[in-house]
Amino acid sequence: MKTNRLYGLLILLLCLSLKTTAQTVIIDGVPRDTSYTIYSSYKKVVKQYPFIQVASTELPKGIKAMEAIPYKRIGQRDLTLSVYRPDNEAILPAVMMIHGGGWNSGSPDMQKALALQLARNGYVTFTVEYRLSPEALFPAGMLDLEEAATWFTHHAAQYGADPASLAVAGCSAGGQLAALIGTRNRENRFRAVINIDGISTFVNRETVERAEKARLTGEKTPVDALWLGGSYSERPENWEAASALFQVHEGSAPVCFINSSIPRFHHGRDEHIRVLDSLGIYSEVHTFDDTPHTFWHFHPWHLSTVRLMAGFLEKIFQPAKTSVDRSRFDWVVAQDGTGDFTKVQAAIDAVPDFRKQPTRILIRKGVYREKLIIPETKHDLTLVGEDKHHTILTWNNFASKLSPLGDALGTSGSASTYISPDLFTAENITFANDAGPVGQAVAVIVRSDRARFINCRFLGFQDTLYTHTAGSRQYYHNCYIEGTVDFIFGSSTAWFEECEIYCKGNGYITAASTPQEQPFGYVFNRCRISGDTAKSFYLGRPWRPYAKVLFMECELGDVIHPEGWNNWGDPSNETTAFYGEYRNRGAGAATGQRVKWSHQLTPAEAATITKEAVLGSDFFEAYER
């Protein structure tokens with residue numbers, strides 16, 4: 001312990017001699033800079049982005065944690081890592097997660113929110129402690145991380161991970177380190193790299209001149225020069241050895257760059273990509289507009305970051321695409337350029353307006369971050385995803401976000417996808433809004449008449465699925481729909497058949513605004529309702545007075561509040577809204593405590609409620625041609 005403490009004090013003296021202002025303290029004999037935390041980042045960022053919410057590190061349902069596992073002994077202390085994975089027996093790809101903090105601050109817990117969400121996407125993730133500059137300078141932290149990767153592959157079976165399917169991801173300084181060790185790729189350990197707003201090289205004019213100026217004037221030493229042991233003129237070998245751009249070779253791993261729009265956080269990225277291209281190594285770039293540097297910590301960008309990470313990893317780890325019968329489709333959308341289009345919107349725009357024939361478009365697996373507008377002129381259009389879990393259409397707008405003109409987007413303006421043509425069909429597609437819990441954020445607005453959604457998923461929080469237009473008729477079969485508050489809402493008539501409805505947090509499943517003259521609103525038939533917390537959700541509340549909602553022969557989990565229905569704080573709605581149930585089952589189906597103004601249908605009444613009666617015979621006849 002004395003040796004470890006003495007070494008720490010020597011490094012601390014070096015930091016002071018280089019005129020840093022780090023908030024360095026001795027904790028358990030180890031010098032630590034405590035200046036960078038998620039809270040400190042939030043305080044800085046919220047001034048410009050008042051709508052942000054910190055991403056949760058609460059352990060999600062279905063994920064298990066194994067934390068503070070020693071992987072390396074240094075003196076009298078251990079370096080540790082923490083593992084998160086789905087609570088099942090599957091052997092899964094693994095992702096090492098590296099925190100940022102300018103190589104001198106931060107902690108593994110700062111990667112926990114990303115690690116948990118990535119685990120929910122089917123990965124084993126592990127956050128890693130490594131030595132920072134108050135304790136040890138470059139290359140100590142890099143070597144720690146490489147040893148952590150080696151340790152984990154040797155113990156992969158213990159954590160249900162595939163040792164041959166390992167990726168490394170990091171944010172800011174952690175992104176630089178991820179790119180470095182994945183590009184060095186000693187022993188071909190890594191199959192993929194995700195660099196989130198980390199640089200690819202230290203050797204650029206801005207960084208070099210800043211460090212040199214500090215050396216000559218006696219100003220505070222920049223954190224990068226501090227970590228590298230001096231300016232470029234003093235330690236050129238360290239500056240180059242720490243730069244992924246200088247380490248690219250034929251065995252380097254493919255890289256996904258996820259960036260803010262702040263240029264200094266992707267120094268060397270474009271040159272890095274050019275070298276990778278010259279060697280035939282895959283890379284991709286995603287840039288968020290108008291974000292802070294630490295965007296991954298906060299909603300509305302956190303889930304989009306996870307979505308892009310998972311999409312990239314799937315390309316690396318999932319089997320090759322299945323062959324497609326092109327004769328069944330007019331066009332194919334594929335991000336890798338093997339189809340007719342790489343963007344979904346481009347394929348939609350290419351459909352002739354008012355075409356007299358049906359149009360079918362196949363969308364290959366991928367995360368398509370596009371705000372999609374499908375106008376009413378593209379009628380009789382079918383979009384078919386290659387895989388409902390991995391063909392994802394998403395964006396991250398939200399109602400309180402300001403437009404370029406300075407006014408709020410509003411609920412209708414927040415949607416990721418707008419669907420308006422009649423005779424629209426979607427199959428095997430995920431529609432998502434990744435803004436997270438920041439208020440109303442619609443995944444899809446459906447204005448179409450005779451619209452069908454088959455084997456699709458709808459992901460969001462508040463206001464996920466907006467069945468927008470009065471008189472519009474919509475059919476949902478074998479779909480998954482999740483959300484928090486009023487996550488299925490609107491004026492349309494919609495029939496939900498054998499769908500899974502998942503309730504997150506607490507709130508209301510439906511908020512129908514059925515017009516008085518419209519005979520039906522929502523009918524849920526043989527659906528499954530479940531959620532996070534018992535007795536936390538109502539089946540519905542009336543957005544407008546004449547809301548009409550029926551749950552028939554559904555499995556209602558314990559998530560449903562015993563009263564079942566809510567009047568939205570207005571007793572007069574109790575005389576106008578029609579809320580009914582018929583032969584439901586499950587822990588939430590008991591009717592003894594239901595509000596007195598709801599209805600339990602008789603067998604004779606229920607017999608008249610068929611999808612043909614609700615949606616009209618012409619709805620299904622149109623698809624039988």
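The model shown in every view is predicted.

**View A. Asn 238, tucked into helix H8.**
Here we zoom in on Asn 238, which belongs to helix H8 (residues 236-241). Its relative accessibility comes out at 11%, so Asn 238 counts as buried. Skip the neighbours within four places in sequence, and Asn 238 is in contact with Phe 138 and Leu 228.

As a rule, most peptide bonds are trans. Pro 139 sits in the loop that runs between strand S7 (124-128) and helix H4 (140-154). The bond from His 299 to Pro 300 is cis too, this time with omega near 25°. For Pro 300, the setting is the loop between strand S12 (298-299) and H10.

**View C. Helices H3 and H10 crossing.**
H10 (residues 302-317) meets H3 (residues 112-120) here, with axes that come within 10 Å and cross at roughly 50°. That makes H3 and H10 oblique to each other, and H3 passes H10 in a right-handed crossing. On the H3 side, the contact is made by Ala 113, Leu 114, Gln 117 and Leu 118. H10 answers with His 302, Leu 303, Thr 305, Val 306, Met 309, Ala 310 and Leu 313.

Searching the whole structure turns up 42 aromatic pairs. In the one picked out here, the ring centres of Phe 431 and Phe 453 are 6.0 Å apart and the planes stand at 80°, so this is an edge-to-face pair. Phe 431 comes from strand S21 (residues 430-433) and Phe 453 from strand S23 (residues 451-454), so the pair ties together parts that are 22 residues apart in sequence. Phe 431 and Phe 453 are both buried. They also belong to one aromatic cluster, whose other members include Phe 424, Tyr 476, Trp 565 and Trp 597.

The charged end of Arg 452 sits over the ring of Tyr 623, at 3.6 Å from its centre.

**View F. Positive phi at Asn 188 and Asp 463.**
Most residues other than glycine have a negative phi. Asn 188 has a positive one, near 50°, and Asp 463 has a phi near 65°, also positive. Asn 188 is in the loop between helix H5 (173-184) and strand S9 (192-196), where its 58% relative accessibility makes it count as exposed. Asp 463 occupies the loop between strand S24 (457-459) and strand S25 (465-467), and at 6% relative accessibility Asp 463 counts as buried.

**View G. Ala 534 in its loop.**
The last stop is Ala 534, in the loop that links strand S31 (528-531) and strand S32 (537-540). With 44% relative accessibility, Ala 534 counts as partly exposed. Beyond its neighbours within four places in sequence, Ala 534 is in contact with Asp 558 and Val 559. Met 142 is 392 residues from Ala 534 along the chain, and their C-alpha atoms are separated by 46 Å.

Conventions. Residues are numbered from 1 along each chain as its sequence is written. This is a predicted model: local features need pLDDT of at least 70, side-chain atom pairs count only at pLDDT 80 or more; totals for chains, interfaces and linings use all residues. Side-chain values use heavy atoms; hydrogens and water are left out. Rings of Phe, Tyr and Trp (its six-membered ring) pair if their centres lie within 6.5 Å; planes under 30 degrees apart count as stacked, over 60 as edge-to-face and the rest as tilted. Helices (H or I, at least four residues) and strands (E, at least two) are DSSP runs, numbered from the N terminus. Buried means under 20% relative accessible area, exposed over 50%, partly exposed in between (1.4 Å probe, protein chains only). A charge sits over a ring if NZ of Lys or CZ of Arg is within 6 Å of the ring centre and within 35 degrees of the ring normal. Axes are lines fitted to C-alpha atoms, for helices over the stretch in contact, and angles run from 0 to 180 degrees between N-to-C directions. Angles under 35 degrees count as roughly parallel, over 145 as roughly antiparallel, 65 to 115 as roughly perpendicular and the rest as oblique. A crossing is left-handed if the near helix is turned anticlockwise from the far one by less than a right angle, and right-handed if clockwise. Contact means heavy atoms within 4.5 Å.
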